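Keep the structure in view as you read.

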Amino acid sequence: MSTAEDPDHGIDKTETTMVETSVSHPKHGSHGQRSTVPTLDPLTWPKWTKIGITANICANAFINNVTSAGVVPTLGPIVVELNVPITTASQILSYAVLSQGLGNLIWVPTMLVFGKRWTIIATSVLLLPAIAWCASAKSFNSLLAARIVSGFASGASESFAPAIIGDIWYERDLTLALGIFALCIVAGAGLGQAALGYVTQGIGWRWAFWVTFIIAAINFVTMIIWLPETTYQRGLKVGVTAGDLERKIELEHGDTETFALQKDNTNNLTNAPTIEDAPPMVSMRPNLWFIRHPHVNYKLNWLRQFARPFQFFLSPSVLWASLTYAVAAGAFTAVGVCIPLLLGGPPYLFQPGAQGLFGLSALVGVCIGGTVGSRIVDVFSNHMERRRRKAGAPHKPEERLVMLILPFCTVTVGLIVYGITVEQKRPWIAPAVGYTIHSAGFSLLASITYSYIIDSYLIRSGEAMVFNNMLRALLSFAFADFVPNWLVRSGSTEVYCVLAGVVWAILLLGIPLFYLGPSLRAKTDRFL
């Protein structure tokens, strides 16, 4: 086997490995069936293993967002006990969100140098005492400091989970898997508010933190038991998409349709990565209990890895997708943070428990957007991919951006309905419907932008998600910090209609990106 780098394929052939073994090969008279024999490559692991890993990491994301955003119902009692105004008390949310995003600048370089498993477990080791500190804080400044530390520890999953999902799932399943992840993020806020609202109302706001401590401790144990290291060096270079990888696997290992197309489209398909045999996996234990994992590059320079996410300022695709997600996340945060302010007074007079129940409307929305909506996007994306194969066209991650028409209508309309109905003091069901529509659209938008970034930059997905979450944290912090005062001055109609207009404007920029994305990525890949 040659040891030279293939400039056409962007692959170092000394490092390439097979991601799926074949029971029978079409060239040998097979029926194009794939083997279920797992190898060391996580893409070939059994489906139940992948589901277990995804469930574990999504549960971690859910709990982390219960910790950060699910404590909205505690604001009222904190105002009374610690003697601060509501606009000041909301800082325990805005600063936690900020530290969540900026914490990824530390955690992801650490993940790249020391591996995903032990790094994410380390975040839980830091998170547990930080939550206990929140529960026992005697002053607002102490509580705020504890929230900043807990935010720093809890934000890692928002970069780790997409990277791990990209390690184990094929491109055709990315949007659904990432949609479930996005669902868990938003559900952490919605379901967390509902549960902790009644905890706060029944036994006090400090117990809201103790409850999150208990569930975080349970998740810590499950990750120790079943969160294997998923890092696997395939020798891929920047520019190879998740779709390219999947096409080459199917070409070499048994997809009858792809082999039929090979005669007409050899050039397109052979430009995908070369995949060679990976050793069979005998046991999962080496990925669970190790000191040095064979596929983690411990020689990487941590400071250089720290700087690498900032390179994505030069990538129009990642910059636009991250800004789109960040603006939508900021609007979603602006709704959740201000629930006590808008619904705690007349005519609603919602107590913490009722405020938490109102948050369930967001949960309904994200369940719809994160499951049904994401699956629709996957079906559409797979349909377009088959059409491109038959036409001899290369894989195009931008195809999935067409489905942004759904969040274009729902994220914005939900904001407008919510803002107008609250200001007009309509029955609580009216703003709840608006919140549901907005949440469904936000969950779907998150899954589309996540999958677009990971598909486009598979080998750099961890750093790309750091960049994504850094922008999300900065904008969510800004929105959570200034929107409460803006609401007091201008009212909810103006605030949420303006936010809807901003979301509309940035989503419209996706139209030129759909056409120019492939050429822009080709021109900027050399900088990454």
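A residue is called buried when its relative accessible area is under 20%, exposed when that area is over 50%, and partly exposed in between. The model you are looking at is a predicted one.

**Two residues to begin with**

Try the cut-offs on Ser-154, a residue of helix H6, which covers residues 140–154. Its relative accessibility is 1%, so Ser-154 counts as buried. Which residues does Ser-154 touch, once its neighbours within four places in sequence are left aside? The contacts are Asn-64, Gln-100 and Leu-127.

Is Asn-83 buried or exposed? With 69% relative accessibility, Asn-83 counts as exposed. You can find Asn-83 in the loop between helix H2 (75–82) and helix H3 (86–89). Asn-83 also shows how the chain folds back: Ser-139 is 56 residues away in sequence, while the two C-alpha atoms are 9.2 Å apart in space.

**Charged pairs**

Side chains of opposite charge can pair when their charged atoms come close. How many salt bridges does a search of the whole structure find? The search finds ten.

| Salt bridge | N to O distance |
|---|---|
| Arg-206 and Glu-81 | 2.9 Å |
| Arg-400 and Asp-455 | 3.4 Å |
| Arg-460 and Glu-463 | 3.1 Å |

Look at the pair of Arg-206 and Glu-81, joined by a salt bridge. Arg-206 belongs to helix H9 (residues 205–226) and Glu-81 to helix H2, so this bridge ties together parts that are 125 residues apart in sequence. Glu-81 has a relative accessible area of 44%, so it is partly exposed.

Next comes the salt bridge between Arg-400 and Asp-455. Arg-400 sits in the loop between helix H17 (360–390) and helix H18 (405–423), and Asp-455 in helix H19 (residues 429–456), so the pair ties together parts 55 residues apart in sequence. Arg-400 and Asp-455 are both buried.

Arg-460 and Glu-463 are buried too. Salt bridges with shared partners join Arg-460 and Glu-463 with Arg-308 in one network.

**Empty space inside**

Rolling a probe the size of a water molecule over the atoms shows where empty space is left. In this model, six cavities of 30 Å³ or more are found. The largest cavity holds about 270 Å³ of space. Its lining is made of 22 residues, and those nearest its centre are Asn-65, Ala-69, Val-97, Phe-332 and Thr-333. Several helices give two or more residues to this lining, among them helix H1 (47–69), helix H4 (91–114) and helix H14 (316–337). Which element gives the largest share of the lining? The answer is H14, with six residues. By type, the lining has 13 nonpolar, seven polar and two charged residues.

**Aromatic rings**

A pair of aromatic rings is described by the distance of the centres and the angle of the planes. The model has 27 aromatic pairs. In one of them, Phe-332 and Tyr-435 are tilted, with 6.1 Å from centre to centre and 35° between the planes. This pair links distant parts of the chain, since Phe-332 is in helix H14 and Tyr-435 in helix H19, 103 residues apart. Phe-332 has a relative accessible area of 10%, so it is buried. Tyr-435, at 3% relative accessibility, counts as buried as well.

Tyr-435 also forms a tilted pair with Tyr-418, at 6.0 Å centre to centre and 50° between the planes. Ring pairs link Phe-332, Tyr-418 and Tyr-435 into a cluster whose members also include Phe-181 and Tyr-496.

Note on methods
Residues numbered from 1 in each chain as written. Predicted model: local features only at pLDDT ≥ 70, side-chain atom pairs only at ≥ 80, totals over all residues. Heavy atoms only, no water. Helix = DSSP H or I, 4+ residues; strand = E, 2+ residues; numbered from the N terminus. Buried < 20%, exposed > 50% of the residue type's maximum accessible area, 1.4 Å probe, protein only. Contact = heavy atoms within 4.5 Å. Salt bridge = Lys/Arg side-chain N within 4 Å of Asp/Glu carboxyl O. 1 Å grid on protein atoms, 1.4 Å probe; cavity = no way out; pocket = protein on both sides within 12 Å on 5 of 7 lines; lining within 4 Å. Points joined across faces, edges and corners; volume = space filled by probe spheres on them. Nonpolar A, V, L, I, M, F, W, Y, C, P; charged D, E, K, R; others polar. Phe/Tyr/Trp six-rings, centres within 6.5 Å; stacked < 30°, edge-to-face > 60°.
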